[in-house]
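Please look through the sequence and the model shown here before reading on. The report that follows takes up a few charged and nonpolar side chains in turn.

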Amino acid sequence: MADRIAWIILALVHLMPALAALAPSTISRLYGVDAGSPVFPLLHHRAALFAVILLLCIWAAVDPGVRQLAVIAVGVSMLSFLAIYLANGQPASLRTIALVDLVGLPALAFAAWRAFFSA
């Protein structure tokens, strides 16, 4: 049961960015980027990739067979964002996203431990 809870938490972490794939206006709220910006299509594509991460988290919540792959994908997503955020001086506009990812790290660590080191 704890495994499923961890994966549901990770799914929730990725829910809002994934919804931006279906509701592009969310991109402006999340990232402060206007629809006319040349980076808007890139962020829209990023939202589609978050939808893949969201679906992978949901899948991992119900199928232990995909949990190792899911840990790698979610880990790359969350940790790379945090590294890029830190490397770029912690932009205030991205602080909430970074905090949400930080809150999700214990769930990711637990999921990784269970997927790779627990019987």
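Predicted model: local features only at pLDDT ≥ 70, side-chain atom pairs only at ≥ 80, totals over all residues.

Asp3 forms a salt bridge with Arg114, in which the closest N and O atoms are 2.8 Å apart. This pair links distant parts of the chain, because Asp3 belongs to helix H1 and Arg114 to helix H5, 111 residues apart. Arg114 has a relative accessible area of 30%, so this residue is described as partly exposed.

Asp3 also takes part in a salt bridge with Arg67, where the closest N and O atoms are 3.6 Å apart. Arg67 lies in helix H4 and Asp3 in helix H1, so the pair ties together parts that are 64 residues apart in sequence. Arg67, with 11% relative accessibility, counts as buried. The count of salt bridges comes to two, and Asp3, Arg67 and Arg114 are linked in a network.

Side chains of opposite charge can pair when their charged atoms come close. Asp101, which is found in helix H5, is buried yet has no salt bridge, and the nearest side chain of opposite charge, that of Arg46, is 6.4 Å away. A salt bridge requires the nitrogen and the oxygen to be within 4 Å. Leaving aside neighbours within four places in sequence, Asp101 is in contact with Val13, Met78, Phe81 and Leu82.

In soluble globular proteins, nonpolar side chains tend to be buried together. The largest nonpolar core of this model has 33 residues, of which Trp7, Leu10, Tyr31, Cys57 and Val74 touch the most other members. Helices H1, H2 (25-31), H3 (40-62), H4 (67-87) and H5 (95-117) each supply at least two residues of this core, and H3 gives the most, with ten residues.

What does Trp7 touch, once its neighbours within four places in sequence are left aside? Trp7 is in contact with Cys57, Ala60, Ala61, Arg67, Ala70, Val71, Val74 and Ala111. Arg67 in this list is also the salt-bridge partner of Asp3.

Technical notes: Residues numbered from 1 in each chain as written. Heavy atoms only, no water. Core = buried A, V, L, I, M, F, W, Y, C linked by side-chain atoms within 4.5 Å. Buried < 20%, exposed > 50% of the residue type's maximum accessible area, 1.4 Å probe, protein only. Helix = DSSP H or I, 4+ residues; strand = E, 2+ residues; numbered from the N terminus. Contact = heavy atoms within 4.5 Å. Lys, Arg positive; Asp, Glu negative; His and termini not counted.
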